[in-house]
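Welcome, and take a moment to settle in. Could you walk me through this structure, one part at a time?

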Amino acid sequence: MASDDIARLADALSKTHVGDGELSYKGLGLKLDDAESVEELVREIEHYTGLRALRLEGNTVGVDAARAIAKALQSKDLLQRCYWSDMFTGRLRSEIPTALRSLGGALMSAGARLTELDLSDNAFGPDGVKGIEQLLKSPSCHNLQELRLNNCGMGIGGGKILAEALIEGHRQSSEHGAPLKLRVFVAGRNRLENEGARALARAFQLIGSLEEVHMPQNGINHAGVMALASAMRHNPELRVLNFNDNTFTKRGTLAMAQALRHLRNVQVINFGDCLVRSEGAIALAAVLREGLPILKELNLSFGEITEAAALVVAQAVMDKSDMEKVDLNGRLTGSVCVAVTDDEGEPDDEDEEDDDDASDASDNCDEDNGEIVKENGTTREGDKLFPPPQVDASDPHNAADVLLKIAALYSEEPETKTAVLETIDAVLKKLLCGSAFQSYCFLSSLLVKMGLLKGEGRVKKASLVPGQLLCLEHAIQQEYFTGHHASLLHTFMSK
């Protein structure tokens, strides 16, 4: 090693932070290729009594240098925190797993019990995950609380390996009476996609102790989001959820909204650039109304939601005393008539249906109404109304369809009018007197059916008749139709 390189290293070491059990070489830009290049560093480690944290981020470590550092770590049984991000710049991808195995093996040999491990910004791919696989399974990680693997290029394969390692670590630690209680998980920008997300969801559900989950920019769509949402329900201490820049669409957002109904400690939600869409935003607004009491930050930006849906969300957070930031910026649309139909990512065949639908509905009105009368019991027998139709609040689309069909029977003929309005009341009491989540999902489905809100996929809009609007006018004056329900409808109908 050249004398000037030795001098440079000595100078760098003189600037390291030593204290509170931490030895830091952070951001020194050292090029550590071999054992000779780390002699001074190794000496510092060996002579540091009570080493609890080692910072190597912002340097570049070769295989031989990693082996030399590992040898020094074999006696450091008190080490708890390893900050090793951005540590392999310029190294061959094939070198990194070997270096990681050396370092991990040393920690296991020492009997260290890590609480934090940060390997972010190391582009090691799935092979790099194999390099830490045994470490994550070992007793050295049974007390792990924070795992940061941001921007590592793990891919689907790496995500699966990581998930299995966490599951095995949890199994082994549980056998020893102290199950793994991971609190913070960070794995953004890793191309995990649906398969990787599903694998990790299984691990998260098993662990159940997560407080922060950061998985932005992973190419996850609704299938993976739904799996993650299911896992989040089993982590009651969650405080931060960051899934920015994945593709939720309506199905993924509804699943996340359902999960959030079970979580009381969430303080930060970042679903920005996740394509939550208007129906998803309304579902989240319902959860905001009935839960999430200490929420501080909400990001639904660039979610392709209408202005009206954004207003519903804004109204839902007005009473949140801890709220500090609400971000609804980006691609807000003033009405459902704006030109966003061609780029929403899912087929919108309902926009291309034949113009004859309205006239066909009108021609068949009498026939259809007769069937609805028989099916839903909206005629009278003497003075008694037949039982109201069976509607399922968990199927909001069908419930909205049933309601509009019943309302279409309205007429000013006294018996028919009374029968229809009584049936409407019975149906809406059931649909609106449950949870805000169910009632908001129903109302958003109703708005889609009425053509006032852009829906996803193939949704056949109803051909509105005056009776349906008269029935709604009647309904909003009843006690079961609360102020926030009326406000939701008014927000869309006034746009």
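Pro97, Leu100, Arg101, Gly104, Leu107 and Met108 in helix H4 meet Asp127, Gly128, Lys130, Gly131, Ile132, Gln134 and Leu135 in helix H5. Contact here means heavy atoms within 4.5 Å, and helices (H or I, at least four residues) and strands (E, at least two) are DSSP runs, numbered from the N terminus. H4 covers residues 95-110 and H5 covers residues 125-137; their axes come within 8 Å and cross at roughly 10°. That makes H4 roughly parallel to H5, the word for angles under 35 degrees. These axes are lines fitted to C-alpha atoms over the stretch in contact, with angles running from 0 to 180 degrees between N-to-C directions. The residues of this contact divide into 6 nonpolar, 4 polar and 3 charged. In that count, Ala, Val, Leu, Ile, Met, Phe, Trp, Tyr, Cys and Pro are nonpolar, Asp, Glu, Lys and Arg are charged, and the others, Gly among them, are polar.

A word on what you are looking at: this is a predicted model, in which local features need pLDDT of at least 70 and side-chain atom pairs count only at pLDDT 80 or more, while totals for chains, interfaces and linings use all residues. Residues are numbered from 1 along each chain as its sequence is written, and side-chain values use heavy atoms, with hydrogens and water left out.

Now step back to the whole protein chain. Its secondary structure comes to 18 helices and 16 strands. Of its 495 residues, 53% count as buried, that is, under 20% relative accessible area, with exposed over 50% and partly exposed in between (1.4 Å probe, protein chains only). Among contacts between residues at least 6 apart in sequence, 83% join residues at least 24 apart.

Arg91 is buried, because its relative accessible area is 17%. Its side chain joins that of Asp33 in a polar contact of 2.7 Å. Such a contact is a pair of N or O atoms within 3.5 Å; within protein, one must be able to donate a hydrogen and the other to accept it, and residues adjacent in sequence count only if both atoms are side-chain atoms. Leaving out residues up to four places away in sequence, Arg91 touches Lys31, Leu32, Asp33, Thr60, Val61 and Gly62.

Asp33 turns up again beside Asp64, which touches Asp33, Asp34 and Ala35 when residues up to four places away in sequence are not counted. Asp64 sits in helix H3 (residues 63-73) and is partly exposed, with a relative accessible area of 40%. Although Asp64 and Ala35 are 29 residues apart in sequence, they are 5.8 Å apart in space, C-alpha to C-alpha.

Ser173 belongs to helix H6 (residues 155-175) and is buried, with a relative accessible area of 1%. The side chain of Ser173 reaches the backbone oxygen of His170 at 3.0 Å. Beyond residues up to four places away in sequence, Ser173 touches His142, Ala178, Pro179 and Leu180.

Ser445 is in helix H16 (residues 436-449) and is buried, with a relative accessible area of 2%. The side chain of Ser445 reaches the backbone oxygen of Cys441 at 3.0 Å. Setting aside neighbours within four places in sequence, Ser445 is in contact with Glu279, Pro396, His397 and Ala400.

Key. Angles under 35 degrees count as roughly parallel, over 145 as roughly antiparallel, 65 to 115 as roughly perpendicular and the rest as oblique.
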